[in-house]
Amino acid sequence: MTFAGLSPRPFARITAAAAAAVLLMAGCTQDDVGPDRSTGSASDGGGATQHAPAGEADLPLTEIGTSAAQDLGTDPATDPAYAEYYEQSVQWGECEDVANPDAECGTITVPLAWNDPSAGDIEIAVARIAATGEATGSLVVNPGGPGASGVNFLESAPYLISPEVSSSYDLVGFDPRGVARSAGIECLSDEETDEYRSVTAEAGTPEADQLAEEWNTRLADACEQNSGDVLAYLDTYSAARDMDVLRAALDSEQLDYLGYSYGTYLGATYADLYADRVGKFVLDGAMDPTITMDELSAGQAEGFEQATEAFLQDCLDSADSCPFSGDPAAAKDELISFFESVDDEPLETDDPQRPLTGALARSAVMSMLYSDQSWTEGREALTAAMEGDGQPLLAIADRSAERLPDGTYRTNSTYAITAVNCLDHPGIADEQWQDQEAERLAEEFPTFGPTMGNDNSPCAQWPEPALREPAPIAAEGAGPIVVIGTTGDPATPYKWAESLADQLDSASLLTFEGNGHTAYGRSGGCIEEQVDAYLLEDTVPEDGLTC
């Protein structure tokens with residue numbers, strides 16, 4: 001999951017056999033989709049307050065445990081029990097596997113279990129690109145996921161973050177706990193991951209249900225066997241606590257932060273825990289912390305349906321190179337028919353052992369929808385596939401999953417997303433409701449909806465329960481926070497940005513009228529100008545400004 005705009009960053013892996021535990025988060029906020037929730041906020045430094053669901057028809061949530069990092073009863077930064085963590089500084093040195101010669105790498109140490117510092121430590125990998133001018137501070141960035149590597153993100157950062165910001169800030173990325181270099185979880189082998197990504201069956205059939213259960217059990221067992229000692233401690237409360245140690249290690253009194261997608265959820269969680277330490281905060285492609293896993297899936301099903309329609313309209317407007325015909329509705333029918341044909345008969349690729357299955361074809365098209373800058377490539381790949389060559393779509397699917405040409409995977413993002421999402425987002429426990437919701441998504445959003453019902457989510461077999469109830473985040477007492485939403489964002493629908501901006505006490509909402517996931521670094525100027533003025537000149541954007 002590298003950053004959108006260069007290499008598509010899928011929010012979650014989609015197959016017809018089993019929808020990935022989409023997190024982050026995707027959901028919608030319609031009243032008829034999930035439970036209503038009470039309001040509230042977290043306390044400064046000590047932890048957040050849980051809120052019981054009071055849902056429509058009193059639908060129960062799945063089991064919810066207790067996060068080891070949510071309610072500590074004290075501020076770790078001033079508690080002697082945590083002094084050794086807060087007294088660290090990063091020892092910067094050469095990076096071994098980051099394709100940016102300007103990057104420097106190091107580590108910080110944090111407690112595995114934040115409520116028990118004696119239970120052992122883990123190392124968090126960090127990297128920075130020093131300011132090209134006089135540094136005014138450090139800007140910590142998170143590229144999303146969950147499961148995306150913030151260390152690897154520094155390879156893309158120069159193309160996305162303006163030269164003016166890069167001149168004034170050291171850009172700092174980190175791999176959150178459980179991700180890649182930071183006690184990264186290990187689950188299936190590379191060969192098994194290839195198989196996992198390619199499994200295809202007709203959604204809603206007994207065969208699909210059986211495959212989903214088999215693979216979800218296989219995945220959960222492998223993750224528990226190889227990384228069971230850390231699985232319970234990969235929630236976003238824990239990652240936010242780690243980020244405060246990073247702030248201290250950077251010798252910053254306040255945290256300046258740019259978070260994309262899941263990074264907005266991480267950032268908002270940090271702001272709720274440590275409101276007085278919020279510096280310049282930009283949350284782009286915002287998540288809504290009040291939604292369940294089911295609302296997350298429903299929101300993405302709708303968002304990707306709308307993105308598909310926008311892509312097909314653009315394709316038809318480029319008639320000389322579009323493999324579809326007729327109006328957008330007819331083109332969508334053709335696309336769905338293409339997916340179904342590949343379900344039945346996978347396409348040949350350059351690798352005889354890896355044909356393009358329906359699952360891989362859907363993953364490729366979904367990842368292409370993250371950026372309208374990828375639409376031309378997607379159009380060409382679909383043209384090739386509809387003529388019998390599956391290689392271009394397979395290449396897109398592999399790139400989105402960070403699969404390298406030698407068959408290895410650069411990071412563990414395929415599994416880290418599940419590990420974090422299952423802890424952060426409970427779903428509805430009612431099986432009958434789940435079946436009905438899966439039918440609704442398949443009917444209303446026929447392109448990807450059939451694969452996005454949560455009745456076969458990996459979380460059903462996950463070895464650890466969810467640790468957090470959906471609840472609003474206010475971050476009372478925090479300084480100005482900039483929330484950005486894109487009207488045509490398929491992965492984090494615009495309504496989520498509106499919701500988060502309403503929840504936060506000090507938020508300004510910036511709106512980018514466009515297609516694709518997130519805005520800063522790809523909007524063409526307006527969003528960048530507003531964000532840069534905020535980061536560099538303390539000029540808070542006007543709430544409600546639309547570009």
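Reader: How many helices and how many strands does the chain have?
Author: The model is a predicted one. Its secondary structure includes helices such as α6, at residues 206-227, and α15, at residues 431-444. In total, the chain has 17 helices and nine strands.

Reader: What percentage of the residues in the chain is buried?
Author: A residue is called buried when its relative accessible area is under 20%. The chain holds 547 residues, and the buried share of these is 64%.

Reader: Which helix gives the most residues to the negative patch on the surface?
Author: The patch of negative charge gathers D209, E213, E214, E431, D435, E439 and E443. Two helices, α6 and α15, each supply at least two of its residues. With four residues, the helix that gives the most is α15.

Reader: Is D209 buried, partly exposed or exposed?
Author: D209 is found in helix α6 and belongs to the negative patch. Its relative accessible area is 31%. Partly exposed covers values between the 20% limit for buried and the 50% limit for exposed, so D209 is partly exposed.

Reader: Which helices are included in what covers the buried residues of α13?
Author: Helix α13 spans residues 391-400, and its buried residues are L393, L394, I396, A397, D398 and S400. The cover over these residues includes α5 (190-198), α10 (328-344), α11 (358-368) and α12 (375-386).

Reader: Which residue with a positive phi follows α13?
Author: Helix α13 runs over residues 391-400. After this helix comes a residue with a positive phi, near 60°, namely E402.

How values were computed
Residues are numbered from 1 along each chain as its sequence is written. This is a predicted model: local features need pLDDT of at least 70, side-chain atom pairs count only at pLDDT 80 or more; totals for chains, interfaces and linings use all residues. Side-chain values use heavy atoms; hydrogens and water are left out. Buried means under 20% relative accessible area, exposed over 50%, partly exposed in between (1.4 Å probe, protein chains only). Patches are made of residues with over 30% relative accessible area and no salt bridge: like charges are joined within 9 Å, nonpolar side chains (Val, Leu, Ile, Met, Phe, Trp, Tyr) within 5 Å. Accessible areas come from the Shrake-Rupley method with a 1.4 Å probe; for residues, only the protein chains shown count as cover. A salt bridge is a side-chain nitrogen of Lys or Arg within 4 Å of a carboxyl oxygen of Asp or Glu. Lys and Arg count as positive and Asp and Glu as negative; His and the chain ends are not counted. The place of a charge is taken as NZ of Lys, CZ of Arg, CG of Asp or CD of Glu. Contact means heavy atoms within 4.5 Å.
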